[in-house]
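Hello,

The structure is below, and my notes on one part of the fold follow it. Please read them with the model open.

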Amino acid sequence: MKTDRENPMSVQADKFMHCEINQESPSFTAKTPQMNLTASAPTLLTINQLCQLEPALTPGGIRHLLFTKGHNLPGVYRFGRKILFDRTEFMGGIKKGSTAIIGGRKSA
């Protein structure tokens, strides 16, 4: 038996959210962890992280590209079921023209 008990709700709340008390007005401000993505940040990115850095790309557009072209695109890597992207290689492949024809019939 434990004689020194902690409140389990306060321990769980500390794991998920950090709260600060504003000294000027007694209100709580919740801060959720956000990822700061820059060019020197992670080498491999998920679809959502890539779309945050490159606003011209959408998750649906990238998924359609992967469905039609396969995973043999520059900068696309599989890690189990997860699909990861090297931003510089993937954007270089787009600029080089490897995604110029995505779907539909091939022109003769």
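Helices here are DSSP runs of H or I with at least four residues, strands are runs of E with at least two, and both are numbered from the N terminus.

This is a predicted model, in which local features need pLDDT of at least 70 and side-chain atom pairs count only at pLDDT 80 or more, while totals for chains, interfaces and linings use all residues. Residues are numbered from 1 along each chain as its sequence is written, and side-chain values use heavy atoms, leaving out hydrogens and water.

The buried residues of α4 are Phe 90, Met 91 and Gly 93. They line one face of the helix, because they fall within an arc of 155° seen down its axis (taken from the directions from the helix axis to the C-beta atoms). Their cover includes α2, α3, β4 and β5. After α4 comes Gly 97, with a positive phi near 105°.

Strands β4 (residues 76-79) and β5 run antiparallel, joined by four bridges (pairing takes at least two DSSP bridges). Phe 79 has Lys 82 in β5 as its bridge partner. Two residues separate the strands in this hairpin, and Gly 80 in the turn has a positive phi of about 70°.

Beyond its neighbours within four places in sequence, Val 76 is in contact (heavy atoms within 4.5 Å) with Leu 66, His 71, Ile 83, Leu 84, Phe 85 and Phe 90.

Regards

Technical notes: Buried means under 20% relative accessible area, exposed over 50%, partly exposed in between (1.4 Å probe, protein chains only).
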